[in-house]
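Me: I'd like to go through this structure with you and ask what stands behind each label. Ready when you are.

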Amino acid sequence: MRRKCAAGIGAVVVALAIAACSDSGSSSTAASSSAAASSSAVVCQAADNLRMSLDALSDVQPVQQGTDAVRQAFGSVKSDLAQLATAARDQYTDEVDRVQADADSVQTAIDTAQGAPSAQTLGAVASAVDVLLRDARALVDKVRASC
């Protein structure tokens with residue numbers, strides 16, 4: 001009788017262990033899926049924010065409005081780019097690096113134009129902004145395609 005009881009208890013313990021393993025696996029999978037969805041939402045929102053700040057930057061006319069207007073609009077782009085870079089760097093490393101290099105070029109051009117304002121330095125700002133806008137919009141489009 002004791003052997004039958006012990007065998008029955010052993011079977012119950014094994015069944016509970018299997019059930020516990022399968023439950024933890026499904027909750028782990030659900031947690032992973034939930035984390036991926038929230039991560040994707042963060043990346044998509046960051047891409048949307050960057051698109052809006054890029055649109056605002058594209059409305060600025062460096063030659064007509066000067067470097068202060070560019071610097072102000074560019075500040076929003078830098079902030080939104082940093083958020084997208086943090087959220088999406090693992091998936092879009094090359095694109096993020098390219099856009100960040102473009103942003104560095106814009107910063108350098110703005111600094112140069114503020115130190116020595118001329119048609120040439122303001123033209124360099126406009127040119128650097130155009131490259132940034134092109135590459136950053138391509139990144140945003142690529143990110144948004146997966147949203």
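Reply: Let's start at one helix contact. E95, V96, R98, V99, D102, A103, S105, V106, A109, I110, T112 and A113 of helix 4 touch T121, L122, A124, V125, A128, V129, V131, L132, D135, A136, L139 and K142 of helix 5. By class, the residues of this contact are 16 nonpolar, 3 polar and 5 charged. Keep in mind that this is a predicted model.

Me: What makes helix 4 and helix 5 roughly antiparallel?

Reply: The angle between them is about 160°, and their axes lie 9 Å apart. Anything over 145 degrees counts as roughly antiparallel, so helix 4 and helix 5 get that label. Their crossing is left-handed.

Me: And how do you know how helix 3 runs relative to helix 4?

Reply: Helix 3 and helix 4 pack at about 160°, with 11 Å between their axes. With the cut-off at over 145 degrees, helix 3 is therefore roughly antiparallel to helix 4. This crossing, too, is left-handed.

Me: Which residues make the contact between helix 3 and helix 4?

Reply: From helix 3 come T67, D68, V70, R71, F74, K78, L81 and A85, and they meet V96, V99, Q100, A103, V106, Q107, I110, D111, A113 and Q114 of helix 4. Sorted by class, that contact has 10 nonpolar, 4 polar and 4 charged residues.

Me: Let's zoom in on T121. Why is T121 called buried?

Reply: T121 sits in helix 5. Its relative accessibility is 13%, and buried means under 20%, so T121 counts as buried. Setting aside neighbours within four places in sequence, T121 contacts T112, A113 and A116.

Me: Then what makes A41 partly exposed?

Reply: A41 belongs to helix 1, residues 2-58. The relative accessible area of A41 is 44%. Buried needs a value under 20% and exposed one over 50%, so A41 lands in between and is called partly exposed.

Me: How far apart are A41 and C147, in sequence and in space?

Reply: They are 106 residues apart in sequence, yet their C-alpha atoms are 7.6 Å apart in space. For the protein chain as a whole, take the contacts with a separation of 6 or more: 72% of them come from residues 24 or more positions apart.

Me: What does L84 touch?

Reply: Not counting residues up to four places away in sequence, L84 touches V43, A46, A47, L50, R89, L139 and V143.

Me: Last one. What makes the pattern of the protein chain α-α-α-α-α?

Reply: The protein chain has 5 helices and 0 strands, and reading along the sequence gives α-α-α-α-α. Of its 147 residues, 30% count as buried. T121, at 13% relative accessibility, is a buried one, while A41, at 44%, is partly exposed.

Methods:
Residues numbered from 1 in each chain as written. Predicted model: local features only at pLDDT ≥ 70, side-chain atom pairs only at ≥ 80, totals over all residues. Heavy atoms only, no water. Helix = DSSP H or I, 4+ residues; strand = E, 2+ residues; numbered from the N terminus. Buried < 20%, exposed > 50% of the residue type's maximum accessible area, 1.4 Å probe, protein only. Contact = heavy atoms within 4.5 Å. Axes fitted to C-alpha atoms, helices over the stretch in contact; angles between N-to-C directions. Parallel < 35°, antiparallel > 145°, perpendicular 65-115°, else oblique. Left-handed = near helix turned anticlockwise from the far one by under 90°. Nonpolar A, V, L, I, M, F, W, Y, C, P; charged D, E, K, R; others polar.
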